Amino acid sequence: MKGIKVVIILISVLVLIGCGKVESEVEITEYEQEVLEDANLQESYKEENKSPEEENVEIDTIEEVNEYVIAEQTFDVYLDDWGEVTFVSCKIPRSIFTDAYFFLIKEEQILYKFPHRFKENRLEFTGAFDSIGAVAFRDINDDKKDDIIIISYYVSGAGPTGMEPRPYVTIYLAGESEFYLAEDMIKDVECDGKDMTIESVYNFLT
């Protein structure tokens, strides 16, 4: 009889331990499920909006620049080492998962193509391209040369606010007849979490 009681107690303990594990596993599974669902929504959004022509797209000629120019974000400016030039923003409409392109143009000639912010100009983590919100020419590092701040917007298509455009910043620092992608500055600005405007970015950096 005593032996039977011990066995019953042991079984009860094992059952309780098992229940605890099951509850824990259920909680983890639910969390993982939410993450997977969000990732699947974003992937589905990409696949649904992806064009067969979207792979390996690039803009390299003045004809392509003229075809894909974003007129409202293109400006005639004076830049040290370059003189009077036109800063041109471009975007291939059918390729929503490639980012915008930026050039310096003079007399229908490409003087300079800006480095891409993202690898191969592909959008992997920001979502789909929505628009360029602003471009500004400011001396950020006090070297008497105008640098460039660009605010761009993207949508993820995942979650309740997935279609609400979110801002990211691109910063180019002027060098000797070229521009450098200011990766550390970009990271600092985006980690700051403030409203993403030209003024807020400039004030934060200076």
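Which residues have the most contacts inside the largest nonpolar core?

1. They are Phe87, Leu104, Phe114, Ile148, Val169, Ile171 and Phe179, in a core of 38 residues. Such a core is a set of buried Ala, Val, Leu, Ile, Met, Phe, Trp, Tyr and Cys residues joined through side-chain atoms within 4.5 Å, where buried means under 20% relative accessible area (1.4 Å probe, protein chains only). Strand S7 (residues 166-174) gives the most to this core, six residues. Another core, of 11 residues, lies apart from it and includes Val65, Val88, Tyr101 and Phe103.

2. A word on the source: this is a predicted model, with local features needing pLDDT of at least 70 and side-chain atom pairs counting only at pLDDT 80 or more, while totals for chains, interfaces and linings use all residues. Residues are numbered from 1 along each chain as its sequence is written, and side-chain values use heavy atoms, leaving out hydrogens and water.

3. Do look at Leu104. Beyond its neighbours within four places in sequence, its contacts (heavy atoms within 4.5 Å) include Trp82, Phe87, Tyr112, Phe114 and Phe179.

4. Now the sheet. Four strands (DSSP E runs of at least two residues) form an open sheet in the order S5-S6-S7-S8, with antiparallel pairing; strands pair if DSSP finds at least two bridges between them. The edges are S5 (128-138) and S8 (179-181), each pairing on one side only.

5. S7 and S8 run antiparallel and are joined by three bridges. Tyr172 has Leu181 in S8 as its bridge partner.

Key:
Buried < 20%, exposed > 50% of the residue type's maximum accessible area, 1.4 Å probe, protein only.
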